[in-house]
Every structure is written in C-alpha cells, then in structure tokens.
Amino acid sequence: MNFTALDQYNSFVENNFINKDSKQIDVLQKIYNAWSNNKHSNYFFKQKKTQGVYVFGPVGTGKTFLLNLFYQNTKVGKKIHFNHLMNDVHNTINSIQGHDEKLDDYVRQLGKKIKVFFIDELHIFNIVDALIVKKLFVLFDKYKIFVLVSSNFHPQNLYADGLQRSDFIPFIDLILSNFELIQLDNSKDY
C-alpha cells in the first residue's frame, strides 16, 4: 500500500502539526483525481486528459503546503518558484537566435528527469513573461509533464492590465480548458 499525500496530511493532523481543514482535504483529493486521470488517460476512454492543476486563492490558505505534499509524494516531481523558472528560461534562451529551439530543449531535458512540475506563485507582470509562458505550457504537455500551479490570481485575472494582453489570452484559454481549476477560498489565514 502506498503512502499518499492525504495520508501524510492526516499524519500531520494526528501529530498536531496542523489543524484538520475539510477544504484542504477536498483540494488534495481533487489534485489526486486530476493526476490519476492524467496517468490513466488513453484512447479507449473518452474522458479528456487533464494537463495539470491550477490552485488559486488568497495568501495564507495553504495552496503551497498542499501542492508540496502532493508533489513530494509522487517521487517524480520538482518544485520551482515562478520567478526562478522565468530566470532559468531567460538564461537558457538568452541569445540572438534559436529561442524556440532552446526553450523546447529546456523542457525536453526537464521531462527526462521529472513527471510532475510544481510552479509556485504564478503571476505575470511583464510582456516578455506573458509571451513566453504559453509556449512553456504547450511544451510541458508535449513532453508529458503534469503541471501543478499555485497562484493568488484566477487565470482570468493574470496580467489584467498588461500591454498587449490580447496576445496573452490564449494562455488563459489553455489553462481554463486543460487544467483542473481549484479555488482554495478558506477564510482562515494559516
């Protein structure tokens, strides 16, 4: 029998490290269901494959904690803060030519090492990141990387007043159609 993220959560509760929160338990179950759906999707089932999970809500509600529990228990994951991811991407593609090829190689190499990629604190504040992020997520799907995202923003509120926002809308559509969207709207700030 495998020790799951929910088992670890319950262990934390039993040892008085955290207080039991039914909304957090519900989120863990939804994350597990999306991951399971992704792993078991095939041509014989009509159910659409979920590319990842996008958890959003106010600061302090446990988004990062829950996604940490899940990705750590998969044993095939990696976590990165969104700002660090974008720094890595910019450093990788920082040359005059071959941006798309270098980005593809970056994600392909990542896909050889991991199956779950947790991007913490996704937010978009500049046009360069806005234009790159959709390409990244398309490549995550191409190389079969299940993506966990935490954000304080609903996808439709990302880059809300940004320059050339119309060029960013396809990324929002990708998230809305291919990700399990989970709002963690606890009134309790942990």
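**View 1. N33 in helix α2.** N33 lies in helix α2, which spans residues 22-40; helices here are DSSP runs of H or I with at least four residues, strands are DSSP runs of E with at least two, and both are numbered from the N terminus. The model is predicted, so local features need pLDDT of at least 70 and side-chain atom pairs count only at pLDDT 80 or more, while totals for chains, interfaces and linings use all residues. Residues are numbered from 1 along each chain as its sequence is written, and side-chain values use heavy atoms, with hydrogens and water left out. N33 is partly exposed, at a relative accessible area of 42% (buried means under 20%, exposed over 50%, partly exposed in between, with a 1.4 Å probe and protein chains only). Between the C-alpha atoms of N33 and D129 there are 30 Å, and 96 residues separate the two along the chain.

**View 2. The five-stranded sheet.** The strands of this open sheet run in the order β2-β3-β4-β1-β5 with parallel pairing; two strands pair if DSSP finds at least two bridges between them. At the edges are β2 (77-81) and β5 (179-183), each pairing on one side only. On average, neighbouring strands are turned by 15 degrees against each other, direction ignored (axes are lines fitted to C-alpha atoms, for helices over the stretch in contact, and angles run from 0 to 180 degrees between N-to-C directions).

**View 3. Strands β1 and β4, with helix α3.** Five bridges join β1 (residues 52-56) and β4 (residues 146-151) in the parallel sense. V55 has S150 of β4 as its bridge partner. Helix α3 (residues 63-74) packs on the sheet and touches β1, β2, β3 (116-120) and β4, where contact means heavy atoms within 4.5 Å. The direction of α3 makes about 165 degrees with that of β4.

**View 4. Helices α6 and α7.** The axes of α6 (residues 127-142) and α7 (residues 169-178) come within 8 Å and cross at roughly 35 degrees. This crossing is left-handed, a term for a near helix turned anticlockwise from the far one by less than a right angle. From α6, the contact is made by V133, K134, F137 and V138; from α7, by P170, F171, L174 and I175.

**View 5. The nonpolar cores.** The largest nonpolar core has 36 residues, of which F117, I119, L122, L136, F137, F140 and F168 touch the most other members; a core is a set of buried Ala, Val, Leu, Ile, Met, Phe, Trp, Tyr and Cys residues joined through side-chain atoms within 4.5 Å. At least two residues each come from β1, α4 (82-93), α5 (99-113), β3, α6, β4 and α7. Helix α6 gives the most, with seven residues. Leaving aside neighbours within four places in sequence, L136 is in contact with L85, M86, V89, L103 and V107. A second, separate core of 21 residues includes A5, W35, L69 and Y71.

**View 6. Two loop residues with positive phi.** Most residues other than glycine have a negative phi. N16, in the loop between α1 (5-14) and α2, has a positive phi of about 60 degrees although it is not a glycine. N16 counts as exposed, at 67% relative accessibility. E121, in the loop between β3 and α6, is not a glycine but has a positive phi of about 65 degrees. At 25% relative accessibility, E121 counts as partly exposed.
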